[in-house]
Each structure stands twice: as C-alpha cells, then as structure tokens.
Amino acid sequence: MTIAAYSYGSSAFQDKLKHNIGAYLTNVLLALPLILGSLLMFLPLIWAVSFSFGQPHEFFKLPPPVIPSAFRLDNYHGVFERVDFLRFFLNSVFVTGCVTVAQLITCSMGGYAFARLRFPGKRIIFILFLASMMVPQHVTLIPVFIIIRGMGLYNNLGALIVPYATSVFGTFLLKQFFETIPDELEDAAKIDGAGFLQIYWRIMLPLAGPPLATLAILTFNSSWNNFFWPLIFINSAEKMTLPLGMIYLRGQDGVTNSGVLMAAIVLNLVPVLIFFMIFQRRLVEGVTLSGLKGA
Amino acid sequence: MQGIAALSWSRVNSLRAREAIAGYFFILPTLLSFLIFFLIPTISGLGMSLFDWDFFSDPDYVGLDNFIELSRDKLFLRTLKNTALFAFFATSGNVGLGMFIAIGINSIKWRWLKAFLRTAYFIPFVISTVVVALMFGFLLQESTGVVNYYLTRLGIERIPWLSSSAWAFRSVVLIDIWKHVGFFTLIFLAGLQAIPSELYEAALVDGAGRRVRLTRITIPLLTPSLFFSLIIALIGAFQVFESMFVLTNGGPGDATRTVVMVLYREAFGSFNMGYAASMAVVLFVIILLLTVTQVRLGDRWVFYR
C-alpha cells in the first residue's frame with residue numbers, strides 16, 4: 001500500500017516535472033523569435049543614440065562603433081548652434097498642451113450632452129459626427145486652409161490648435177463612458193436643485209478620470225507628432241514645432257545624415273520615451289479601448 | 001384641477017426646453033468646430049473639384065473635366081498604383097504580423113516576458129513618423145549605413161535600400177511595419193483576452209491539441225479584431241504621406257510617390273486647387289468603396305458571438 005502510494009506519487013511527480021519542462025521549452029521556443037524580433041525594434045534606437053555621441057570620422061570607420069570611442073557632446077552643440085531647438089520644443093509643448101486641455105473640456109461637454117441630455121436633432125448630429133471619421137482630412141484640406149487664412153491664423157501657432165480643439169473620437173469615447181453612470185446619482189443631484197452645469201461639473205467630471213486620462217494621452221501623442229498641419233500652415237522657423245523643425249534642421253548646411261541629425265533625433269526621443277514610460281499603461285489601455293470600440 | 005394640470009404641463013415643457021438648451025450649450029464647441037472645420041470644408045472641397053482655380057483669380061466651372069484629366073494623368077495613375085500597392089503590402093504586413101506576434105505573446109506563460117515584449121513592439125508607435133524616417137534614412141544609406149555594414153559582414157551584398165526604385169518601395173513598407181506593427185499587436189492582444197477561457201478548457205477536456213485550439217478557437221474568435229484592423233490599416237495606408245515625403249521625397253523617379261504627395265504639390269506648389277481637390281475626392285471615394293466592401297464581405301467571414 002505504501003509502496004503503491006509511493007510509486008503513484010513518484011509518477012505524478014515525474015509527469016508534473018515532464019510537463020513543466022515541456023511547458024518551459026515551448027515557452028522558450030515561442031519566446032525566442034519574439035525576443036529576436038523585439039531586438040529589431042530597439043536596434044535602430046540604440047544606433048541613433050550611439051551615433052549622436054560619435055564624431056564625424058567614426059561614421060566611416062568599420063565596424064561602426066556601437067559604443068562610441070568617447071561620449072562627445074559636439075553633435076548636441078551642433079544642433080543648438082544651427083537652430084533654436086528649445087523654441088521648437090516649447091512650441092510643441094504649448095500647442096500640445098492647449099490642444100489636450102481644449103479637447104478634455106470640449107469632448108467631455110459633448111460626451112455628457114450626447115449621453116445624458118435630450119434635445120431635438122441629437123441622433124442625427126451624432127450620426128453625422130461619426131460619419132466624419134470616415135472622410136480623409138485631405139478632402140477638407142484646401143477649404144480649411146482658406147478658412148484658417150481668413151481667421152488670420154496663417155503662420156500662427158493658433159492654426160495648429162483651433163482646428164484640433166475638439167475631436168469626434170474623444171466625444172464618442174466620453175459619451176460611451178457617461179452612459180455607464182447610474183441615473184440615481186444624477187437624480188439625487190437634481191432633487192437637490194442642481195442645474196445641468198453643476199451636474200456636469202460636480203458629478204460627471206470627477207467620475208470621468210480614467211477616460212479623460214486615456215483621451216489626454218492619445219491626444220497628446222497625436223498632437224506632439226503632427227507634421228502635415230505645421231507643414232502647411234507654418235513657414236517661419238520661430239513658429240515651428242518639433243517634427244517640422246527637424247526637417248528645417250536637415251535643410252541646414254552639413255546636417256543631412258550627420259551626427260548632428262542623430263543628436264536632434266535623440267533629443268526628440270528622450271521626452272517621448274519618458275512620456276511613454278510614465279503613461280505606458282494608460283496608453284495601452286487607450287489603444288485597446290479604441291480597438292475594442294471598433295470591433 | 002385643470003389649472004394644476006396646465007401648470008405642470010408648462011413646467012414639464014419648460015424643463016424640457018431647459019434640458020434642450022443645456023444640450024445645445026454643451027455640444028456647441030464640438031458642433032461649431034464640426035461645421036467650420038469639417039462640414040463646410042467637405043462640401044466646398046467636393047464642390048471645388050468641379051472648378052479650375054489657381055487660388056488668386058476667380059474659379060472657372062469646368063464640370064467633370066478635372067476627373068477626366070486625372071484619368072489620363074500618367075503621374076497620378078502611377079501614384080495611385082504606388083499607393084494601392086503600399087496599402088496592400090503595409091496592411092498585410094502590419095495586420096498579419098501583428099496577429100501572429102499577439103498570439104505568440106499571449107501563449108507565453110511568464111508575465112514579465114509578456115509585458116516586456118508588448119512594450120518593445122509598441123515603442124515605435126509613439127515616435128513621430130518624421131523622426132522615424134530621418135533615423136532610417138541615416139541607417140539605411142547604401143555605402144556608409146550601419147545596416148549594410150552588418151549585412152556585408154554576414155556575406156550579403158550591400159542593398160540599395162533607398163537608391164533603387166524597387167528597394168526604396170520595399171524600405172518604405174518595412175519602415176511602416178516597424179512603426180505600426182505594435183499597434184496592431186495591441187488590438188489583437190485585447191481580442192485574445194476577450195476570448196473566454198472556458199472554451200479552451202472545454203477543448204482540453206475533449207483532447208484538442210495546440211493546433212486545433214488555434215484554428216478552431218483562437219483564430220475564429222479573433223476575426224472581429226482582424227476585421228477592425230484591416231479597416232483602419234487600409235484607411236490609414238491610403239493616406240500615407242509623411243514617411244515618403246521625408247525619406248525619399250517620392251523618389252527615386254516616382255517609385256515612392258503617393259496620391260497625397262501629388263495632391264500636396266498640386267495644391268501648395270502649383271496652386272491647382274481644383275485639380276488637387278479632385279484628387280482628394282478620388283481618394284475619398286476609393287477609401288469609402290473599400291470600407292463598404294469590407295463591411296459587406298465581413299458578414300461572411302467575421303465570427304460574431
């Protein structure tokens with residue numbers, strides 16, 4: 001009996017061990033190509049960083065050093081000598097900040113109205129909003145260009161803010177959220193004599209932290225990287241945001257494909273990667289959410 | 001009695017009216033922006049395609065002449081073909097790879113490795129396309145680029161990544177996949193997490209192996225994510241502009257020139273506003289038709305629970 005029990009236990013143990021080793025091996029086998037693939041994602045970034053610290057002659061040295069011979073800051077000085085990089089950065093911060101704050105306000109207002117208020121024409125307006133997401137922005141490009149010029153916003157940072165002060169996607173995102181808030185909360189406030197503005201401000205907004213954070217991060221990311229709009233509306237260096245400023249820098253003498261350009265690229269990457277590290281979870285949630293909404 | 005009823009009716013009405021006023025107040029910013037920056041521009045953009053207009057003098061009504069001219073415009077047709085091919089390869093690469101990476105990541109047991117891989121593939125998505133294009137322009141140079149250096153060390157000949165027409169096109173597609181595959185991986189990972197684990201448990205009880213579980217459970221239940229990914233990938237790819245504009249400026253020759261690139265040049269380089277507007281209309285119609293077709297076909301292969 002004891003022997004039987006013992007042998008039974010042993011074979012279970014062996015089975016388990018076998019299973020564990022098997023699982024371990026399949027894990028490793030599955031993970032290996034994925035890990036190699038992920039290196040492909042990092043490698044260009046690592047090279048950019050190492051070249052940004054390198055010296056010109058090292059660009060023609062073979063093999064190109066993955067770790068430069070010395071951490072020289074010449075290329076970084078080169079960036080600031082050629083263009084007002086800080087100005088580009090501050091312009092980007094200003095534009096992105098304004099767009100993000102504006103969208104948080106307008107989208108939450110719109111989302112609240114579409115989710116919780118009754119007014120004539122609500123359905124048709126909302127359907128029109130959604131349909132607009134299908135139309136490529138290039139259809140509206142020339143008329144919007146004329147409108148922006150008419151507003152006196154040509155070559156003005158306002159041209160990069162005003163058209164983006166609200167978004168259909170954000171309104172939709174918050175509408176979906178506000179629809180999940182139980183009626184009782186609102187009813188209680190109504191009995192206490194609260195107006196719609198108070199309900200929005202005191203009840204709805206404080207509850208909407210997570211979707212607002214998601215919207216803020218997605219908006220921040222797309223506004224920070226916007227290139228097409230500045231390309232069309234901005235023509236002087238002191239009004240440029242970072243992506244357009246990069247192209248302007250490349251146009252300067254001796255910058256094309258040099259360490260200076262790499263240094264500027266690294267200066268671009270650092271804030272974006274810090275942003276990514278801090279908000280990674282929210283960003284992932286946001287993308288996932290927008291994906292699930294569509295599916 | 002009647003008085004009270006009338007009174008409460010008017011109260012209800014005034015409540016309704018107040019709610020409606022509040023509603024319009026809250027949607028006012030979004031609605032104004034929608035009218036000024038979308039509805040009016042869309043209508044006038046569509047109308048503009050029927051005019052010959054150089055921005056400075058009065059527009060001439062030319063009917064469908066712009067579209068007739070487009071159908072004979074060799075450069076436009078070439079860029080249309082480039083754009084369609086790019087959309088095809090970039091979409092299949094992004095969506096196909098994204099799906100397999102997601103399935104791979106999802107089947108790994110170690111949580112830390114899962115999190116690491118998800119992050120690694122997603123990082124390029126947050127970097128601006130301009131920076132990505134400038135970086136690869138540097139790394140992919142034919143004679144001094146790092147990539148070619150290591151290829152020659154492996155015994156592979158230098159590849160003219162950006163200087164031959166065929167390779168420039170491939171490079172642009174590969175870079176697009178590098179930047180966007182992580183986004184689609186996330187979409188598929190979300191889809192995978194939505195599959196109830198009972199299904200897999202039931203399959204295990206029935207003795208189904210890894211492959212059967214993949215083809216009978218995972219892939220069918222991922223079709224909604226696949227459907228969504230295909231639609232947004234195609235819409236995005238048909239509007240591609242930045243990476244080519246920065247990396248190759250359409251070249252060599254016109255090998256990487258896209259519809260939006262010629263549209264941009266016609267509008268803001270040559271000031272052929274009507275002609276550029278007609279290109280935008282063609283692009284819009286193509287995107288619309290593709291999306292509608294996909295939605296129609298989707299009913300046949302997308303598995304809805």
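Chain A is built from 13 helices and 0 strands, where helices (H or I, at least four residues) and strands (E, at least two) are DSSP runs numbered from the N terminus. The model is a predicted one, in which local features need pLDDT of at least 70, side-chain atom pairs count only at pLDDT 80 or more, and totals for chains, interfaces and linings use all residues. Residues are numbered from 1 along each chain as its sequence is written, while chains are lettered from A and ligands numbered from 1 in the order in which they are written.

Of the 295 residues in chain A, 38% count as buried; a residue is buried if 20 or more other C-beta atoms, placed from the backbone, lie within 10 Å of its own. Among contacts in chain A between residues at least 6 apart in sequence, 75% join residues at least 24 apart. Here two residues are in contact if their C-beta atoms, placed from the backbone, lie within 7 Å.

The domain assignment, which is automatic or taken from a database, divides chain A into domain 1 (2–53) and domain 2 (74–294). The centres of these two domains of chain A, taken over C-alpha atoms, are 41 Å apart. Contact between them involves 5 residues of domain 1 and 7 residues of domain 2 of chain A. On the domain 1 side there are 4 nonpolar, 1 polar and no charged residues, with Ala, Val, Leu, Ile, Met, Phe, Trp, Tyr, Cys and Pro counted as nonpolar, Asp, Glu, Lys and Arg as charged, and the others, Gly among them, as polar. For chain B, the assignment gives domain 1 (2–48) and domain 2 (65–301), and the C-alpha centres of these domains of chain B lie 41 Å apart.

Turning to the contact between the chains, 71 residues come from chain A and 79 residues from chain B. The largest share of the chain A side, 14 residues, belongs to α13(A). By class, the chain A side has 51 nonpolar, 17 polar and 3 charged residues.

One helix pair can be followed in detail. Helix α5 (residues 137–150) of chain A packs with helix α12 (residues 273–301) of chain B at an angle of about 155°, their axes 8 Å apart. Axes are lines fitted to C-alpha atoms over the stretch in contact, and angles run from 0 to 180 degrees between N-to-C directions. This angle makes α5(A) roughly antiparallel to α12(B), a term for angles over 145 degrees. The contact of α5(A) with α12(B) has 10 nonpolar, 1 polar and no charged residues.

Key: Angles under 35 degrees count as roughly parallel, over 145 as roughly antiparallel, 65 to 115 as roughly perpendicular and the rest as oblique. A residue is buried if 20 or more other C-beta atoms lie within 10 Å of its own, exposed if 12 or fewer, and partly exposed in between; C-beta atoms are placed from the backbone.
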